[in-house]
Amino acid sequence: MWHRIAAFIIKFRIALLIFLLAVTVAMGYFASKVELSYEFTAATPTDNAIYIDYQNFRKQFGEDGNLMVIGIQTDSFFSPGFFNDYARLADRIDRIDSIKTDGVNIDPVENVLSIPGAINLVNDTVSGKLMTVRLVDSLPVTNTDNIRTTFAGMLFYRGFLYNPATHAYLMAVRINKQVLNSKKRTIVVNRLMELADSFGMAHHIEMHYSGLPLIRTVMATRVQKEMKLFLIMSFVLTAVILVLFFRSFTAVMASMMVVAAGVIWSIGTIVLLGYKITLLTALIPPLIVVIGIPNCVYFLNKYHSEYSKHENKAKSLLRMVDRMGIVTLFTNLTAAIGFGVFFFTKSSLLKEFGLVAGLNIMGMFFISLIFIPAMFSFLPPPHVRHTSYLNKKWINNLLTAITNWVFSHRSWIYGFTIAISAISLMGVLKLRSEGHIVDDLPKSDKVYTDLKFFERNFRGVMPLEIVVDTKQKYGLVKGATRDALWRIDTLQQFLQRFDAIGKTLAVTDGIKFAVQATFGGDTNSYAVTESFPATKLITFMHSGKDKNSLFTKLISSFVDSDARKARISINMADIGSKQLPILLDSIRPETKRLFDSSKYDVTFTGTSIVFLEGSRFIINSLRDSLILAFIIIFGCMIVLFQSWRILLISIVVNIIPLLITAGLMGWLGIRIKPSTVLVFSVALGITIDVTIRFLVNFKQEMARHDDSISNNVRRTIYDTGLSIIYTSLILIVGFAVFILSEFDGTKSLGYLTSMTLFLAMVTNLILQPALLLWVDKIIVKKNKSADFLLDDDADNEPIESVDGKA
């Protein structure tokens with residue numbers, strides 16, 4: 001069959017090349033329209049209960065992840081010059097130019113909450129109604145002492161806009177959600193930071209930034225930048241290795257053209273499927289380069305080795321496809337399965353990655369299968385210097401050393417393998433799973449250090465939400481105040497016991513502020529009292545001339561329009577997926593005590609919970625996908641080789657590198673998180689390629705030579721060793737590029753995958769032949785024929801006839 005395919009490609013080479021060019025141009029058009037994704041919760045499946053709760057929360061109360069904060073620490077905040085400039089900064093940020101999104105001009109900043117713009121509540125002694133008064137009526141302010149004194153008595157803002165103990169001050173900027181979900185978000189965030197940095201430089205003070213808008217923008221921008229960097233570096237490094245390997249400009253250019261087409265196809269596929277560039281899909285283009293190059297090496301290495309035997313170009317090209325077609329098909333198929341199984345998870349993030357990667361790895365197979373024989377049929381035959389690498393002294397010496405080790409030191413090989421596996425297994429038992437929202441950022445990164453600034457001074461800025469549902473319309477204001485609102489206030493006081501929880505905000509804080517105003521601003525009156533009518537504040541929020549003021553908007557966002565549900569908004573530290581469930585489990589007993597389930601429903605939600613649930617889900621999905629990949633890939637091995645012994649050997653050879661990597665992670669304290677778990681699925685899909693390359697060649701040798709297993713093992717080591725070493729080297733270097741990433745997770749993917757691939761090369765060239773010889777020893781002892789590894793005679797006949805025709 002493969003001989004006929006080879007003949008077909010050569011016969012219709014012009015038409016096939018035109019077809020490839022047309023498809024690549026079309027894909028290039030679509031690739032030019034690719035966009036970045038700014039979605040932060042895509043890892044969680046849409047039918048997940050936590051995700052559903054979060055979407056219901058967003059519909060009811062709006063976004064919780066659109067608050068960006070700016071922090072400073074100074075003793076001279078209320079000095080006139082500093083205070084006035086700070087007030088002007090808040091005003092400039094609030095008036096950032098409108099952004100055109102989807103054809104509509106939108107003000108990117110919804111509101112800015114800062115000390116100069118703070119709103120005070122006062123009680124009109126004549127009408128008895130509440131009124132809002134700005135802390136600062138106009139600028140410049142000459143006497144800031146009065147402002148300092150007045151603001152110190154506004155307990156509503158303590159712990160939120162300032163920390164009196166550390167002299168830290170915070171400005172909260174709420175950004176429009178439409179802008180946040182568009183590519184214009186980068187412009188807005190950068191403009192905001194430019195204004196703040198200018199203020200910081202003028203006053204020689206460090207500015208600190210945090211909040212999900214900043215984190216998401218920084219992550220997305222760096223993903224885009226790194227995708228370009230890794231793509232260029234993977235091209236350059238693989239080209240250098242190919243030059244050193246083939247010493248042929250045409251071979252290198254042909255390989256680069258193959259992977260370039262594959263990269264264009266991959267980005268075009270992302271757009272055609274309606275996806276966007278995420279942290280995972282950004283890895284696909286450089287992965288295509290790294291995975292696609294071995295196809296070229298396998299084909300060209302076979303072409304050169306055949307040509308060096310008989311110097312017949314046409315015959316060499318036919319045999320290249322004839323012998324390597326099945327090898328390349330199965331190596332690409334298993335790699336595609338290794339990635340494609342992610343499609344069967346419920347996470348849209350993994351689905352997109354799995355589908356795009358799986359489709360384009362198979363696309364690489366068809367591109368290389370068509371392009372290389374068709375292209376080289378037009379080119380002159382290889383020169384002697386282009387095939388000289390086949391007889392390199394150092395590689396032959398290395399293969400001789402490997403062969404001697406396999407045949408003379410099998411006991412040492414088995415013993416070392418068992419020992420290292422046992423040590424690795426102990427390391428696996430030490431593995432721990434934990435993720436953070438800024439997990440992939442290095443500890444020295446400003447985004448990370450600024451986040452820690454807010455955790456030190458305000459106990460964090462990550463959003464956590466608690467929604468209390470009274471199950472009846474106006475349930476918050478019916479009956480005595482203590483029936484619902486008092487319970488919410490009691491829960492808020494309980495939450496302040498936890499170091500990881502910062503300022504909590506709820507409608508009760510507005511009530512306290514209103515009570516304080518009613519009693520002339522007396523700080524001792526800042527409390528939820530039974531005597532204060534909650535309906536007074538609710539009415540104030542939803543009607544009157546002050547309903548559009550910043551304060552009333554803020555408080556209104558904590559109660560739904562029916563006064564049935566109340567929201568407790570919490571700023572908390574990024575404590576990670578391990579500590580967050582412990583924290584929530586510590587809070588739930590108190591919520592059950594305060595809120596009778598027959599009268600109330602209490603829901604924990606927010607971006608922090610959804611994000612960490614997504615990380616947990618990804619880890620579990622990757623584990624399940626790895627198991628599924630094992631089943632499918634080794635099912636393919638059974639179909640290909642029809643031998644349980646071969647299956648057992650291939651399982652052992654491919655599990656040991658993964659086991660050693662997992663064990664090393666455990667010993668070094670590298671945590672299990674999405675980026676590190678991804679290593680195992682990626683490595684399995686690639687390392688099995690080397691196994692197939694070796695075993696298919698071994699099977700072909702057994703079919704061509706009526707000889708013992710040991711002699712065929714020796715021939716297979718020499719025949720495949722060169723291409724296995726070079727392709728492994730290309731893969732190792734290709735993945736090592738990711739070590740240059742700014743994300744720790746991507747770095748881990750780089751060095752852990754490179755190490756796993758190196759170990760796989762060693763096990764495939766040393767342990768695998770040793771195990772084949774061990775099987776040979778068993779067979780000899782049982783006086784069985786060595787053809788247990790072969791198909792029946794009918795299955796072997798096409799291979800022999802293909803050789804004869806070629």
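**Entry 1: strand S8**

I started with strand S7 (residues 162-163) and found that two bridges join it to S8 in the antiparallel sense. The model is predicted: local features need pLDDT of at least 70, side-chain atom pairs count only at pLDDT 80 or more, and totals for chains, interfaces and linings use all residues. Residues are numbered from 1 along each chain as its sequence is written, and side-chain values use heavy atoms, with hydrogens and water left out. I note the terms here: helices (H or I, at least four residues) and strands (E, at least two) are DSSP runs numbered from the N terminus, and two strands pair if DSSP finds at least two bridges between them.

Is strand S8 (residues 168-175) enclosed or open? Seven of its eight residues are buried, so S8 is largely enclosed by the rest of the structure. Buried means under 20% relative accessible area, exposed over 50%, and partly exposed in between (1.4 Å probe, protein chains only).

**Entry 2: strand S11**

Strand S12 (residues 565-572) runs antiparallel to S11, with three bridges between them. I found Thr504 opposite Ile570 in S12.

Helix H12 (residues 348-378) has 31 residues, which at 1.5 Å a residue should span 45 Å; I read 45 Å between its end C-alpha atoms, which agrees. The expected span is 1.5 Å times one less than the number of residues. Of the 31 residues in H12, 24 are buried.

Helix H9 (residues 249-272) has 24 residues and reaches 34 Å from first to last C-alpha, close to the 34 Å expected. In H9, 17 of the 24 residues are buried. Phe249 lies in H9 but counts as exposed, at 63% relative accessibility. I also looked up Phe249 against Met375: they are 126 residues apart along the chain, and their C-alpha atoms are separated by 14 Å. Gly274 follows H9 and has a positive phi near 80°.

**Entry 3: salt bridges**

How many salt bridges does the structure hold? I found 20, a salt bridge being a side-chain nitrogen of Lys or Arg within 4 Å of a carboxyl oxygen of Asp or Glu.

Arg88 bridges to Asp85, with the closest N and O atoms 3.0 Å apart. The two are three residues apart in helix H4 (residues 80-94), so about one helical turn separates them. An α-helix has 3.6 residues a turn, so residues three or four places apart point the same way. Arg88 is partly exposed at 30%, and Asp85 is partly exposed at 28%.

In helix H10 (residues 284-310), Lys309 and Glu306 are also three residues apart, and their closest N and O atoms are 3.9 Å apart. Lys309 is exposed at 61%, whereas Glu306 is buried at 0%. Salt bridges with shared partners join Lys302, Glu306, Lys309, Arg319 and Arg323 into one network.

Glu206 bridges to Lys446, at 3.6 Å between the closest N and O atoms. Glu206 is in the loop between helix H7 (185-202) and strand S9 (208-210), and Lys446 is in helix H16 (residues 446-458), so the pair ties together parts 240 residues apart in sequence.

**Entry 4: Thr763**

I found Thr763 in helix H26 (residues 744-781), buried at 9% relative accessible area. A polar atom of its side chain lies 3.0 Å from the backbone oxygen of Ala760.

**Entry 5: confidence**

The protein chain averages a pLDDT (the predictor's confidence in each residue, from 0 to 100) of 83, and 91% of the residues score at least 70. Where is confidence lowest? It is lowest in helix H27 (residues 793-805), at a mean of 38, and highest in S9, at 95.

Conventions
A polar contact is a pair of N or O atoms within 3.5 Å; within protein, one must be able to donate a hydrogen and the other to accept it, and residues adjacent in sequence count only if both atoms are side-chain atoms.
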